Amino acid sequence: MMSDIKKTIYQSIGKFEDTRFEKIHNITYQSSQEASVLVAQEIAQLIRKKQQEKAICVLGLATGSSPVKVYEELVRMHREEELSFKNVITFNLDEYYGMDKSNIQSYFYFMHEHLFNHVDILPENINIPDGTVTAKNILQYCIDYEMKIKKVGGLDFQLLGIGRTGHIGFNEPGSHFNSETRIITLDHITRIDAAPSFFGIENVPRKAITMGIGTVKNAKRIVLLAWGANKTIIIKKTIEGEISANVPATYLQHHNNTTFVMDKEASAKLTRVKTPWLVRSCIWDTSLKLQAVVWLSNLLKKPILKLTDKDYNTNGMSGLLMQEGAAYDLNIKMFNKLQNTITGWPGGKPFADDAKRPERANPAKKRVIIFSPHPDDDVISMGGTFDRLLRQGHEVHVAYQTSGNIAVSDEEALKFAEVSKEINSDSKKVSEIIDFLKNKKRNDAIDSLEVRHLKRTIRKRESLAATRYLGLSDKNVHFLNLPFYETGTIKKGNLSNKDIHLMTSLIDTIKPHQIYAAGDLADPHGTHKVCLDALFIALKEVKDKKYMNDCWVWLYRGAWHEWESYEIDMAVPLSPDQVLRKRHAIFYHQSQKDGVMYQGDDSREFWVRVEDRNRLTAVKYNDFGLADYAAIEAFKRYHF
Ligand code: F6R
């Protein structure tokens with residue numbers, strides 16, 4: 001029996017009109033979880049088939065966040081479905097150069113932690129490039145690695161992730177399509193992406209040993225995994241662009257048994273998804289109409305009310321015009337739709353006609369919970385709206401889902417410990433904390449419980465200072481400290497009943513009319529996504545309670561990106577003075593200022609980034625021909 005993924009390969013590429021721009025077979029699933037299970041099934045089928053044939057099964061394996069759930073599922077199948085790995089030989093794609101096996105950042109450690117320690121693979125069948133080979137021996141070492149793969153008959157199956165540079169393995173831009181296993185210098189973007197697991201870019205190795213493009217391309221079957229909005233641009237370039245050494249993954253266009261497996265966020269920029277009217281006739285519902293009109297207005301840099309019949313006809317939308325009559329009517333409808341998203345009353349405007357407003361007028365005084373994944377996302381992402389809700393008399397509660405302790409640097413923690421020591425010089429506990437921090441090795445990932453407590457407290461006190469500044473009473477601030485986060489390392493645990501219970505009991509106590517939460521999908525393994533999952537599960541559990549009939553859920557986006565204009569259901573404009581108040585509230589989170597630990601590749605501080613983003617949302621609205629505001633915070637309604 002063929003897996004679902006494999007079956008569709010024969011059905012899809014080049015066959016459907018909407019894959020016109022696509023040069024690699026690909027499938028999109030609702031979630032990375034669902035997709036990973038199917039990929040694991042394909043691998044398991046291959047292993048079992050080879051077992052029946054009494055043959056070995058040679059797997060090429062990847063590390064990083066993408067394959068984690070595939071490995072989880074394989075381990076589950078080993079435990080529960082007797083999937084044996086005794087006939088499996090593995091070759092890993094890469095390893096950081098200069099990296100010892102025992103280091104928790106090594107790919108050796110990763111593979112054992114996620115897969116090898118939990119299945120019955122024979123240790124002698126595991127091959128991972130050795131990051132400690134001396135410079136003198138490296139050439140021969142790489143030749144031997146290649147030979148070893150050839151000797152066992154080549155790779156039956158290669159699992160891949162993709163980097164934002166378009167690398168597969170660590171084949172960075174410039175790599176030759178026939179390259180073999182070798183040492184390579186990592187691109188800056190790759191090092192930035194790896195920085196969080198190394199506690200800062202300065203600790204990320206500069207080189208790695210990687211299988212070549214040629215090595216990968218010789219695999220009989222290739223599956224590349226891509227999850228999350230971070231991958232969407234490189235995915236479009238790889239699937240729709242021309243083959244180029246600048247995007248090494250495009251070489252896979254020449255491989256005839258490759259499938260890209262993605263979640264909705266990763267495939268969001270493919271022509272077929274983003275602008276389907278360019279490749280097929282569409283069923284035009286209101287949201288697709290808005291998406292198309294917004295796109296056309298952006299493309300032609302024209303306000304919506306100035307778009308003409310010709311503009312629509314020459315940009316793949318004649319079908320839409322036929323349905324709507326003329327540009328004039330369509331423009332007005334879509335313009336009004338956007339106009340109706342704007343409100344200065346995020347909790348609803350009391351006693352006003354709310355037929356066309358984003359929120360209900362009643363009850364005039366609402367109970368509101370703002371869920372904030374870390375202690376600062378509330379003010380960073382929706383500080384202006386938070387401020388308005390309070391000033392407009394609603395009962396606002398903030399719930400910080402995680403403690404955020406990991407993002408407090410050791411230097412910052414030491415500063416607070418030393419202040420505390422000066423005031424209370426006898427404290428043994430504080431002395432121990434100071435000793436621990438002073439003696440901590442750079443890459444020692446796990447803090448002592450006391451140090452974690454100190455870091456958690458720093459973030460708690462900063463949050464209370466910010467919420468007090470906005471005028472919220474301390475009793476309305478809730479620190480959930482969800483247990484999944486409290487591992488002491490960057491790698492978090494899985495959500496458990498305890499996490500969900502903490503969420504549901506707060507919802508149950510407050511019985512909110514509005515819930516705000518971070519709808520951040522940029523990184524499928526990031527804390528924001530897990531916090532959102534926790535909310536979705538909690539909502540499922542409480543959805544039948546009577547008070548939930550009156551509860552609306554609004555999603556905001558974190559510091560990294562904003563909703564697309566056509567996705568916005570509520571746009572809350574901020575005056576220049578409100579922008580300043582929001583900035584001050586963010587300033588209270590001092591441990592997150594100046595060189596934040598997990599900043600990504602945007603080195604601007606949070607307040608600068610977010611001000612820029614809120615300003616740009618306002619500019620976009622103005623470009624559509626709507627009013628000119630200083631800044632706008634945007635929300636999307638979630639229907640559960
Ligand atoms: C890992 C590897 C890399 C990653 C890529 C994506 O062995 O070779 O190509 O697959 O950098 O990383 P994640 O999955 O962490 O986004």
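In the predicted model, serine 372 has tyrosine 400 of strand β12 as its bridge partner. This pair belongs to the contact between β11 and β12, where 6 bridges join the two strands in the parallel sense. Strand β11 spans residues 367-372, and β12 covers residues 395-400. Most of β11 is covered, with 5 of its 6 residues buried. Strands of a sheet pair through backbone hydrogen bonds, in either a parallel or an antiparallel arrangement.

The peptide bond that joins asparagine 362 to proline 363 is cis, with an omega of about -5°. Phenylalanine 351 also lies in the loop between α13 and β11. Its phi is positive, at about 60°, although the residue is not a glycine. The relative accessible area of phenylalanine 351 is 78%, and since values over 50% count as exposed, this residue is exposed.

A positive phi also occurs at glutamate 82, where the angle is about 55° although this residue is not a glycine either. Glutamate 82 is found in the loop that connects α3 (68-81) with β3 (88-92). Its relative accessibility is 73%, so glutamate 82 counts as exposed.

Antiparallel pairing is found in an open sheet of 3 strands, arranged in the order β4-β8-β7. The edges of this sheet are formed by β4 (94-96) and β7 (182-185). Each edge strand has a single partner, and therefore one side of each is left without a neighbour in the sheet. From one strand to the next, the twist averages 25°. Strand β7 is joined by 4 bridges to β8, which comprises residues 207-210, and these two strands run antiparallel. Within this pairing, threonine 185 stands opposite lysine 207 of β8. In a regular strand the side chains alternate between the two faces of the sheet.

The model also contains a ligand, surrounded by 13 residues. The closest of these are Ser66, Asp94, His167, Gly169 and Lys231. By residue class, the shell around the ligand consists of 3 nonpolar, 8 polar and 2 charged residues. In the side chain of serine 66, an N or O atom is 2.5 Å from a ligand oxygen. For threonine 63, a side-chain N or O atom is 2.7 Å from an oxygen atom of the ligand. Serine 65 contributes through its backbone, with an N or O atom that lies 2.8 Å from an oxygen of the ligand. Taken alone, the ligand exposes 400 Å², of which the protein buries 86%.

Glutamine 140 was examined separately. This residue lies in helix α5, which runs over residues 138-151. With a relative accessible area of 47%, glutamine 140 is partly exposed, because this class lies between the limits of 20% and 50%. Glutamine 140 and phenylalanine 484 are 344 residues apart along the chain, and their C-alpha atoms are separated by 44 Å.

Definitions and conventions:
Residues are numbered from 1 along each chain as its sequence is written. This is a predicted model: local features need pLDDT of at least 70, side-chain atom pairs count only at pLDDT 80 or more; totals for chains, interfaces and linings use all residues. Side-chain values use heavy atoms; hydrogens and water are left out. Two strands pair if DSSP finds at least two bridges between them. Axes are lines fitted to C-alpha atoms, for helices over the stretch in contact, and angles run from 0 to 180 degrees between N-to-C directions. A residue is near a molecule or strand if one of its heavy atoms lies within 4 Å of it. A polar contact is a pair of N or O atoms within 3.5 Å; within protein, one must be able to donate a hydrogen and the other to accept it, and residues adjacent in sequence count only if both atoms are side-chain atoms. Accessible areas come from the Shrake-Rupley method with a 1.4 Å probe; for residues, only the protein chains shown count as cover. Ala, Val, Leu, Ile, Met, Phe, Trp, Tyr, Cys and Pro count as nonpolar, Asp, Glu, Lys and Arg as charged, and the others, Gly among them, as polar. Buried means under 20% relative accessible area, exposed over 50%, partly exposed in between (1.4 Å probe, protein chains only).
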